[in-house]
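Biologist: Please put the structure up, and then let us go through how its parts are joined.

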Amino acid sequence: MSLDFDAVIVGAGFGGLYMLQRLRGAGFKARVFEAGKGVGGTWYWNRYPGARCDVESVQYSYQFSPELQQEWEWTERYATQPELLRYANHVADRFDLRRDIVFETRVTEAAFDEAASAWQVATDKGEKVMTRFLITAMGCLSSPNTPKIPGLVDFKGPTYHTGNWPHEGVDFTGKTVGVIGTGSSAIQSIPIIARQATHLTVFQRTANYTVPAHNRPLDPAYLHEVKAHYPEMRKRAKTMISGIDFKVNIASAIETPEAERRRQYQERWDYGGLGFMASFSDLMLNDRSNRTAADFVRGKIREVVKDPETAERLAPKNIIGCKRLCVDTGYWETFNRPNVTLVDVSDQPIERITANGLRVRGRDYIFDCLVLATGFDAMTGALLNVDVRGRGGQSLRDKWRDGPKTYLGLTMTGFPNLFTITGPGSPSVLTNMLPSIEQHVEWIGDCLEYLRSRGATVIEASPAAEEAWGGEVGEAAGATLRSTCNSWYVGANIPGKPRVFMPYIGGFPAYIERCEAVVKAGYAGFALT
Ligand code: FAD
Ligand code: NAP
C-alpha cells in the first residue's frame, strides 16, 4: 500500500499547530485531524466563564517565531480564553496551517502495518490513510471526566461540563446553579457564576489551595520591555524546573526564621500567581516546610471568609501543591456572598442527581442548572480513547493496563514511528506547557529529519530504554511530596485507573539535557532500521 502522508498529526491545539508548521518547514507531507470545528484545543473547548491561563501570557506563548513573538500584543497578565483562542487562530492563519487540517474528524483507530512500516489511521468519517509517522498532539487535559453519579440523566435542566462548554456561552442570570468540583476550572468560574446566578451551591469534595492572580491589563511600556528582552527571558525560563521565568528562593522554609518566612510568603502572595510555590526550594520535598506555606494560605482563608464554619470547610487539609495549585480572582470572597452556599461532600459522596438537583446525606438541593467542573481523564485519556495497535496487533490499552510506559514520554516500545507530544513520562503538565510542547515538536522534527538523512524508515524505543526511563520517572516522583495525594497526576480522579505518577518531575532543564544527550549519542535507546 502506498503512503498518503509522511506524518499524520492528531489534534490542532498548540502542539498540533506547531508540529504541522515544523514538519512543513522540513518538507514533509503532513495532515492534521482535529475533532473540533476549529484550532486551539484547550482554548477551543474550555469556554466556561473566567477561563484563562495561569502562566503569564507573555510566557504562555510560542517562541519558535521571533516575528510572531514581536507582533502579538497580549492585553492581560493572564490572557482570557477568547484571547488565547484568537492567538491560536492567528497562528493558524499567519502560517497558513488550515489547508492541512481536517476539522470535525476524530481519529478512532491507528494500527501499525509491519510490512509497510507505516500506520494505518482511521477516522469517524470513514477515512483511512497510510502514514509513515503518527504524532499525537491530543492533549493532556482534553478528555473530560463526567463522574458516574447515579441519576445524571434524570436532571431536567441543562448540564454543562467546563471542558466542553457551549460556544454561544451561558447566561446564568435569574437561575439557580449547582457546581460540582473545586479544581482550577471551578475556582475560575465560581466567582463569575455567583455574580450572575440568583443562588449558587458549590459541592466540594476536596478543599483546594488557590493563590490570587492579581490579574491586570498589560501596560504597553511593560510589553515593550518584555519584547526587547524576550530571548533572555525564554533562555532563563529553560533553566527553571517549571519552565517559567520567575524568582526562586533557594532557601529552606523550615530553616528560615518565622518573620522572614512570612515576609517571603506575603511578598509572593501580593505579587500573585504560581511563583508562590517558589517562595522556598523545599516546599515539595519536606512536609514540615510545606506545612508553613499551607498554614499561611489557610490563615488567608480565615482572614477573608467571614463565616468561620465555611472558612474551616474551605481550608484544605492536605499538602499545598500536591494537587495542581489554582490561581484565582476573588474565589474566597465569593463565599461571603449571601447567594452562595458551600456543601461539603468529602465524607459522603453525592448520593444521586435528581430531576431538580441532587441529594447528599438524604438532603435534596434544588437548582436549575448543573455545572460539572469535574476535570479530565488526564494524560492518558485522549490517547486511550483511540484504538491504537502496535507490533503484532498489541493494543496500547493492554500495554498501559498497569499505567503508562514510555521512553522519554515521547515514544513506546512495540509502537514504532509513534510519537506523543507531552506524553506521560515527560514534564508536560508540571511545566509551562508551551515551551514543553515546543521542545517536543523540535525533538520530533529533528528526529524525522535525521531518519530521512539516514534512509531509515523505522524508529523504535528499546525495551531496556523504556524500562530504565520508567524507573527514572518513578524515582523522581518518589522524591517529592507531589505523589502523596489523590490528584489527577496519579490518576486518582478516575475510578479504576492505575495509580502511577504520570508526568516526569525531574524538571525541565534535566529533561531537555536528557533528550539532547540521547540525540548526541545517535538516538541512544532507539533501534533505527
Ligand atoms: P490540547 O490543547 O488539549 O489539544 C488537543 C486537541 O486534540 C484537541 O483540540 C482535541 O479536540 C484533539 N483531539 C483529541 N483526541 C482526538 C482524536 N482522537 N481525533 C482528533 N482530534 C483529537 N497549561 C499551561 O501551561 N498554562 C496554563 O495556564 C494552562 N491553563 C489551562 C487551562 C485549562 C482550562 C486547561 C484544561 C488546561 C490548561 N493548561 C495550561 C494545559 C493545556 O492543556 C496546555 O497548555 C495546552 O493548551 C495543550 O495543548 P495541546 O495541543 O497539547 O493539547
Ligand atoms: P480537577 O482539578 O481535576 O478538578 C475536578 C474537581 O471535581 C475536583 O474538585 C474533584 O474533587 C471534583 N470531582 C470530580 N468528581 C467528583 C465527584 N464524583 N463528586 C464530587 N466532586 C468531584 O479539574 P479542573 O478543575 O478542570 O482542572 C484540571 C487541570 O486543568 C488543572 O489542574 C490545570 O492543570 C488545568 N486548568 C488550568 C486552569 C488555569 O488556571 N489556567 C484552569 C482550569 C484547568 P477531588 O479533588 O476530590 O477529586
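Modeller: Two salt bridges are counted between domain 1 and domain 2, a salt bridge being a side-chain nitrogen of Lys or Arg within 4 Å of a carboxyl oxygen of Asp or Glu. This is a predicted model, in which local features need pLDDT of at least 70 and side-chain atom pairs count only at pLDDT 80 or more, while totals for chains, interfaces and linings use all residues. Residues are numbered from 1 along each chain as its sequence is written, chains are lettered from A and ligands numbered from 1 in the order in which they are written, and side-chain values use heavy atoms, with hydrogens and water left out.

Biologist: Which residues belong to domain 1 and which to domain 2?

Modeller: The bounds come from an automatic or database domain assignment. Domain 2 is 152–372, and domain 1 is 5–143 + 377–528.

Biologist: How many residues does the contact take from domain 1 and from domain 2?

Modeller: The centres of the domains, taken over C-alpha atoms, are 27 Å apart. Contact means heavy atoms within 4.5 Å. On that basis domain 1 gives 46 residues and domain 2 gives 50 residues.

Biologist: In domain 1, which residues lose the most area to domain 2?

Modeller: Buried area is the accessible area (1.4 Å probe) that two parts lose on being put together, summed over both. For the two domains it is about 4,200 Å², with 52% on carbon and sulfur atoms. Together 18% of what the domain 1 side buries comes from Tyr48, Arg77 and Leu481.

Biologist: What is the N to O distance in the salt bridge of Glu56 and Arg77?

Modeller: Glu56 lies in the loop between H2 and H3 and Arg77 in the loop between H3 and helix H4 (81–94), 21 residues apart; helices (H or I, at least four residues) and strands (E, at least two) are DSSP runs, numbered from the N terminus. The N to O distance between the side chains of Glu56 and Arg77 is 3.0 Å.

Biologist: Which parts does the link of Cys322 and Cys485 tie together?

Modeller: A disulfide here is a pair of cysteine sulfur atoms within 2.5 Å, and those of Cys322 and Cys485 are 2.3 Å apart. The link is left-handed, with -115 degrees about the S-S bond. Cys322 sits in the loop between helix H10 (308–314) and strand E11 (326–328), and Cys485 in the loop between helix H15 (463–478) and H16, so the parts tied are 163 residues apart in sequence.
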